[in-house]
Amino acid sequence: MSSPLTEKASWRALVAHAQEVRGAHLADLFAGDAQRFVRLHRAFDSILFDFSKQRVVEATLPLLFDLAAEQGLAERMAALFAGAAVNPSEGRAAMHWALRLPSERTCLVAGEDINLQIQAELQRMDGIVQKVRSGQWRGVTGEVITDVVNIGVGGSDLGPLMVTEALADWRPSTASPLHVHFASTMDGSQVSQLLGGLNPHATLFIISSKSFSTIDTLSNAATARGWLERELGALPGLLDCHFIGVSAAAERMSEWGIAPANQLALWDWVGGRFSLWSAIGLPIALSIGMPAFRELLAGAHAMDEHFRQAPWADNLPVLLGLIGVWNTNMLGINAHAVLPYDGRLKELPNYLEQLEMESNGKSVNLAGESIDYATCPIVWGTIGPNAQHAFYQLLHQGTEPVTCDFIVPARRYREAQHGGATAELLAQHELALANCLAQSRLLALGDGAVKDAASLPRNRRYRGNQPSSTLLLDELTPHSLGALIALYEHKVFVQSVIWEINPFDQWGVEMGKRIAVDALACLRGELAELPGADASSAGLLARILGESA
């Protein structure tokens with residue numbers, strides 16, 4: 001039986017190394033090495049990864065690679081891409097990477113070429129997208145569809161929403177306007193407000209749920225169905241004209257009333273937070289068109305191949321993941337901010353919060369044992385210009401160490417292609433770039449980045465030494481965004497291997513949903529009291545029901 005992680009030789013070597021370099025300040029590291037950026041950045045495709053502002057020295061990466069080797073990273077990567085059951089608690093493979101394979105590739109799992117199934121589903125998506133975007137898909141009263149509402153939650157909402165927002169510049173023109181909306185909140189306020197501004201004759205709903213049993217999603221779907229029936233009447237063909245389902249549960253879709261021709265399939269080896277590449281991405285394809293959606297897949301596949309083949313010293317996901325382990329476990333930094341400097345990426349932090357914390361927010365290892373080391377840090381963020389006026393004060397002068405990822409496209413060519421690159425827009429982009437560079441510099445160097453800092457009072461001084469990485473995209477395109485998302489997916493996997501946890505289950509999400517069933521029964525008068533309720537929950541429930549607390 002192998003020794004616990006913290007007792008392994010490679011881990012202990014890193015702990016000793018961290019003690020040696022802990023006192024080193026980034027300002028001194030840069031001052032002592034004019035080639036630091038040259039040595040500590042890597043590039044692949046359209047992404048440059050600068051980690052020179054991380055608190056690493058020449059000896060750090062080899063020690064991290066030793067840890068990865070001792071933890072069997074190469075073997076675990078091979079298992080992932082071989083379709084092995086890398087999700088042991090559910091006995092499943094995790095094959096989201098297969099969703100972006102080129103059409104000509106064969107992907108044999110247990111003797112079956114699953115890429116044939118994937119390509120067939122993409123063709124069905126293509127047919128739906130063409131029909132909707134060309135105006136051929138009509139509502140039950142014959143009107144052209146002008147609005148599409150995606151009803152989903154978690155991975156069925158965050159990924160499609162993020163990509164649709166990020167690639168708004170890539171929306172091709174249509175014969176009539178087509179608007180894509182998202183509804184996810186379970187309290188009904190979001191969907192009700194949305195429906196108030198839509199034309200029921202021209203609205204198409206996508207119900208996205210892997211299990212087709214998620215109560216949040218089905219409740220919103222029932223609201224949408226009721227709205228259509230009230231506005232249009234219970235017309236024959238109403239559901240056929242106004243609802244599409246995306247799920248791994250065909251029978252449940254059929255029971256709800258979705259016609260087989262309007263059903264798109266998922267597979268149990270696709271995790272929700274890794275599913276935007278599948279038919280869950282239908283809202284993306286409807287927004288940007290199927291050719292651009294395939295470019296998104298192609299960008300992700302390029303990163304898959306890079307992850308599989310590149311030496312670790314040049315491998316962006318491996319480096320991003322291992323540096324995160326260094327910060328979390330060796331430097332004791334348990335907070336991580338994601339800071340895109342482009343308004344189109346405003347939903348990226350929310351997406352990465354789920355990807356990282358739902359995947360690696362675990363305290364039990366693969367052997368079912370409690371662990372005594374930190375795993376996923378707290379991840380949060382927002383677009384950088386807004387963050388500067390919100391929480392950068394804490395980053396610069398607070399008491400907590402925080403790591404940051406700055407994400408920014410170097411250019412905005414897309415507007416120029418459409419004749420929309422005004423002088424004002426270009427000036428704003430330059431301002432965002434300047435702020436991105438300045439903020440990461442100040443976080444790293446502190447007073448070393450400020451002229452005459454020594455003359456400033458203490459409350460205007462900057463300690464610096466806050467580590468950060470910068471991910472510089474040539475420009476924001478479907479291809480580069482696909483590569484960026486896949487980069488973070490594989491980062492999560494790398495860290496899970498080091499921490500000996502399963503990144504593909506989420507049992508912590510499930511129990512709250514189950515307990516809510518009893519609370520719901522109490523609210524509806526189906527139960528007299530909440531079984532096993534604590535005093536707080538019982539008191540709150542009584543107040544909600546208008547009883548004395």
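Which residues in H14 do Thr-60, Leu-61, Leu-64, Phe-65, Leu-67 and Ala-68 in H4 meet? I started my notebook with that. The model is predicted, and I read every value below as computed from it.

**Entry 1: H4 against H14**

I listed the contacts. On the H14 side I found Val-318, Leu-319, Leu-322, Ile-323, Val-325 and Trp-326. I sorted the residues of this contact by type: eleven are nonpolar, one is polar and none is charged. Next I took the geometry. The axes of H4 and H14 are 10 Å apart, and the packing angle is about 95°. An angle of 65 to 115 degrees counts as roughly perpendicular, so I put H4 and H14 down as roughly perpendicular to each other.

I looked up which residues of H4, which spans 60-70, are buried. They are Thr-60, Leu-61, Leu-63, Leu-64, Phe-65, Leu-67 and Ala-68. Residues three or four places apart in an α-helix point the same way, because a turn takes 3.6 residues. Then I asked what covers the buried residues of H4. The cover includes helix H1 (9-21), helix H5 (73-81), helix H14 (316-330) and helix H20 (478-499). I also checked the backbone just after H4. Gly-72 has a positive phi there, about 75°.

**Entry 2: the six-stranded sheet**

I traced an open sheet of six strands. Its order is S1-S2-S13-S12-S10-S11, and the pairing is mixed. Strand S1 (41-44) and strand S11 (378-381) are the edges, each pairing on one side only. On average, neighbouring strands of this sheet are turned by 15° against each other, direction ignored.

I then picked one pairing to follow. In which sense do S10 and S12 pair, parallel or antiparallel? Strand S10 (335-340) and strand S12 (403-411) pair in the parallel sense, over five bridges. Ala-337 stands opposite Cys-404 in S12.

I looked for a helix on this sheet as well. Helix H19 (423-445) lies across S12 and strand S13 (468-475). H19 runs at about 150° to S12.

**Entry 3: Ser-247**

Is Ser-247 buried or exposed? I place Ser-247 in strand S8, residues 243-247. Its relative accessible area is 2%. The cut-off for buried is under 20%, so Ser-247 is buried. I left aside neighbours within four places in sequence and listed its contacts: Ser-209, Lys-210, Ser-211, Phe-212, Met-253, Leu-264, Ala-265 and Leu-266.

**Entry 4: aromatic pairs**

How many aromatic pairs does a search of the whole structure find? I got 14. I opened the pair of Phe-205 and Phe-243. Their ring centres are 5.3 Å apart and their planes lie at 20°, so the pair is stacked. Phe-205 sits in strand S7 (203-208) and Phe-243 in strand S8, so this pair ties together parts that are 38 residues apart in sequence. Phe-205 is buried at 0% relative accessibility. Phe-243 is buried too, with a relative accessible area of 0%.

I opened a second pair, Trp-267 with Trp-269. This pair is stacked, at 5.1 Å centre to centre and 5° between the planes. Trp-267 is buried, at 13% relative accessible area. Trp-269 counts as buried at 11%.

Ring pairs link Phe-205, Trp-227, Phe-243 and Trp-256.

Notes. Residues are numbered from 1 along each chain as its sequence is written. This is a predicted model: local features need pLDDT of at least 70, side-chain atom pairs count only at pLDDT 80 or more; totals for chains, interfaces and linings use all residues. Side-chain values use heavy atoms; hydrogens and water are left out. Buried means under 20% relative accessible area, exposed over 50%, partly exposed in between (1.4 Å probe, protein chains only). Helices (H or I, at least four residues) and strands (E, at least two) are DSSP runs, numbered from the N terminus. Contact means heavy atoms within 4.5 Å. Two strands pair if DSSP finds at least two bridges between them. Axes are lines fitted to C-alpha atoms, for helices over the stretch in contact, and angles run from 0 to 180 degrees between N-to-C directions. Angles under 35 degrees count as roughly parallel, over 145 as roughly antiparallel, 65 to 115 as roughly perpendicular and the rest as oblique. Ala, Val, Leu, Ile, Met, Phe, Trp, Tyr, Cys and Pro count as nonpolar, Asp, Glu, Lys and Arg as charged, and the others, Gly among them, as polar. Rings of Phe, Tyr and Trp (its six-membered ring) pair if their centres lie within 6.5 Å; planes under 30 degrees apart count as stacked, over 60 as edge-to-face and the rest as tilted.
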